[in-house]
Amino acid sequence: MTLGTILYILLFFVSVFISIMYLEFGAMALMGLMVTIPVCMFLFLLVLRKRVSVSVDSKNPLAEKDAIDKPARAAITLSVENRSHLLPVTKGIAKVRYENPFSGDKGKMKIRFSVDTGKKRDRRIPVVMDNCGNVSITVEKVRIYDYLNIFAWTIGKHFETQDVLVLPPTKEMYLGKDKWYNETSADSDRFSTYKKGDDPSEIFNIREYADGDKIQRIHWKLSSKTGDLMVKEGSLPLMKEIHIFIDLCATGAKQERNDKINRLIQGVYSIAMFMIESGIPQAYIWYDKVNGVIQEYSVEQEEELYWMFQELFRSKTTTEESELMEAYVDWGKGRLLESALYLTVADHESLDSGNLVRDRLEVMDLRGDVILSLIHISEPTRLRC
């Protein structure tokens, strides 16, 4: 029941009392007016609800923070179209629910809007989010009101949930491409699907001949079929992936854990973007406490990185040091990793490199303002969260 409805009911009983006490024309006219007004408002609303349509969309599925300690604004768009050329929508309210399962943040809000006659309005719905994660935003119900707020009519509910990826700002960093991705002419069974190269054993693309192309690259069989000279483009061999372990073990109070994880995600994001720009293939490994398994996701381009974050944000952090250690050691059994990074925001002095990787483990401390602190672990020790 709206405030307008309550006020109308009070005024209606007052008019009834006056009509009973004073049987005069003015009193009876007031009573007639009090009966006519809600009927007119209801008819106006009935016409409007057939002429107004609503849709929900996420025009920007990515929101980046301006600073690590500042919130981001994950936004979706509520589009309201009023096809009536006589009646405007003066008041409408959308009830919105949002949740960030990765950080545990959730809440509800109400958004008010209005639309002129014959117009379509896009109403931006911003959700302030302090922590990184995949924020699910759902418009649960949209209602419009008559001009006196006596009646309300639901014109849409249970719209499709929109997901917005909230990420921290990246930090400029240089890891050294040669350190992680040594150029070699050795044979490889991995080829880039995004860039061409000079390896003739795998065809990347076939195109028409252009000045400067080598004769050895002409596809004679296809050229004879098409009647035009066609040229084969070789593929780009890729080296072994850099295995990057993400330490999702965080302790402390809720806000303290979230602050640590935000720092961790900033480091992962910054390192990933650097390696993508350098053409270094990556394989991210993390422990998913929900399913009790190790997740592994390969990344070679920016779009795949965002997909990786969506999968990562579906996982739950753990506070059990032994649980994380056992999962990583079990995953690493029988694997020979040429090089690997271990990204953490926790103490790393006792990381067990002998069990986790056999050749080399570079531990990267992402705490504080210094995002890059490499420590080469050479002696077997025990993993510590």
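**Exercise 1.** In which sense do β16 and strand β17 (residues 362-365) pair, and over how many bridges?

*Solution.* Begin with the ground rules: this is a predicted model, in which local features need pLDDT of at least 70 and side-chain atom pairs count only at pLDDT 80 or more, while totals for chains, interfaces and linings use all residues. Residues are numbered from 1 along each chain as its sequence is written, and side-chain values use heavy atoms, with hydrogens and water left out. Strands are DSSP runs (E, at least two residues), numbered from the N terminus, and two of them pair if DSSP finds at least two bridges between them. β16 and β17 pair in the parallel sense, over four bridges, and within this pairing Tyr 342 stands opposite Val 363 in β17.

**Exercise 2.** Find the bridge partner of His 243 in β16.

*Solution.* Strand β13 (residues 242-246) also pairs with β16 in the parallel sense, over four bridges, and the partner of His 243 is Ala 340.

**Exercise 3.** Is Thr 344 buried or exposed?

*Solution.* Thr 344 lies in β16, which spans residues 340-344. Buried means under 20% relative accessible area and exposed over 50%, with partly exposed in between (1.4 Å probe, protein chains only). Thr 344 counts as buried because its relative accessibility is 1%. Ala 340, Tyr 342 and Thr 344 on one side of β16, and Leu 341 and Leu 343 on the other, are all buried.

**Exercise 4.** With which side chain does the side chain of Thr 344 make a polar contact?

*Solution.* A polar contact is a pair of N or O atoms within 3.5 Å, and within protein one must be able to donate a hydrogen and the other to accept it, while residues adjacent in sequence count only if both atoms are side-chain atoms. The partner is the side chain of Asp 247, at 2.9 Å.
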